[in-house]
Amino acid sequence: MVWKDEHGKRLSDYPHPSVAVDVALLTVLRDGRRSRLAALLHRRPQEGSWALPGTFLRLDERLDEAALRALRDKVGVTGQHPRQLKVFDDPARDPRGRVLSVAHVDLVRADRLEDQVNDEVILAPIDGFDVVLPGERDELGFDHADVVREAVRWARSAYDERPDPAGLLDTAFTLYELRRLHEAVSGIQELQKDTFRRHMDPHLEETGEWSTGTVGRPARLYRRRTPTE
């Protein structure tokens, strides 16, 4: 039996938007003498603009499956677990028609992405909340600049609460390494050492070991406490 509403119309009789999935895959990238956030972008072959990896949702798949497919097919990345970030629903966001985008986000180590970089896939550094594209005339397609800004807010909020929640550092790390990472994510050039340590200390524990093979005096190594500790 075909469902009909009180006007005798089926669901297919009503105009409906397409649903897309776009993925803001962030990392921390060494950029000259500093480190900062970067976003993985690919060049759209027909338009020539840069974009986040994305795709249209198929009728037989879940949103998370579409996100993984977009990463695999557009930028060759597998093994990630992006989470839903926000729905972007501006009627004018896509020049091709009415398209909702369910944006996803993840923050991963740079070495998981660097092998995929080529002429058509880049890691674009983020300055403030905006990506820095390689050419002066380059553009970011659709409303992906807004998606990146929302993803940056998500990452900075997560790193404001706990030490390296995405696990970008090794299991054991020094306080200096942790602070430098949080500076890169936050976009703040220098976090106050004592304030940062007091804020992070309840979430850390000493490993009982010291750093080796580095310039200067050895430093204590720490690891993250699990949330239940």
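Me: What makes the largest pocket a pocket, and how much space lies in it?

Reply: About 770 Å³ of space lies in the largest pocket of this predicted model. The word pocket is used because the set of grid points is open, with protein on both sides within 12 Å along at least five of seven lines. Rolling a probe the size of a water molecule over the atoms shows where empty space is left.

Me: Which residues line the largest pocket, and what classes do they belong to?

Reply: The lining has 26 residues, and Val28, Arg30, Ser35, Arg180 and Leu181 lie nearest the centre. By class, 13 are nonpolar, 4 polar and 9 charged. Strand 1, strand 2 and helix 3 each supply at least two lining residues, and helix 3 gives the most, with 6.

Me: How do you know that helix 3 has the span expected of a helix?

Reply: Helix 3 runs over residues 175-186, which makes 12 residues. The expected span is 1.5 Å times one less than the number of residues, and for helix 3 that comes to 16 Å. From first C-alpha to last, the helix reaches 16 Å, so the value is close to the expected one. After helix 3 comes Gly187, with a positive phi near 80 degrees.

Me: Which residues of helix 3 are called buried, and why?

Reply: They are Leu175, Leu178, Arg179, Leu181, His182, Glu183, Ala184 and Val185. Each is called buried because its relative accessible area is under 20%. These buried residues pack against several elements, including strand 1 (18-31), helix 2 (144-161) and strand 10 (220-224).

Me: Why is Glu114 called partly exposed?

Reply: Glu114 has 42% relative accessibility. Buried would need under 20% and exposed over 50%, so a value in between counts as partly exposed. Glu114 sits in the loop between strand 6 (99-107) and strand 7 (121-127). Leaving aside neighbours within four places in sequence, Glu114 is in contact with Leu29 and Leu123.

Me: What makes the largest nonpolar core a core, and which residues touch the most other members?

Reply: The set is called a core because its buried nonpolar residues are joined through side-chain atoms within 4.5 Å. There are 38 residues in the largest one, and Leu41, Ile126 and Val131 touch the most other members. Helix 2 gives the most to this core, with 6 residues. Apart from it lies another core, of 15 residues, among them Leu71, Leu113, Val121 and Leu123. In soluble globular proteins, nonpolar side chains tend to be buried together.

Methods
Residues numbered from 1 in each chain as written. Predicted model: local features only at pLDDT ≥ 70, side-chain atom pairs only at ≥ 80, totals over all residues. Heavy atoms only, no water. Helix = DSSP H or I, 4+ residues; strand = E, 2+ residues; numbered from the N terminus. Buried < 20%, exposed > 50% of the residue type's maximum accessible area, 1.4 Å probe, protein only. Contact = heavy atoms within 4.5 Å. 1 Å grid on protein atoms, 1.4 Å probe; cavity = no way out; pocket = protein on both sides within 12 Å on 5 of 7 lines; lining within 4 Å. Points joined across faces, edges and corners; volume = space filled by probe spheres on them. Nonpolar A, V, L, I, M, F, W, Y, C, P; charged D, E, K, R; others polar.
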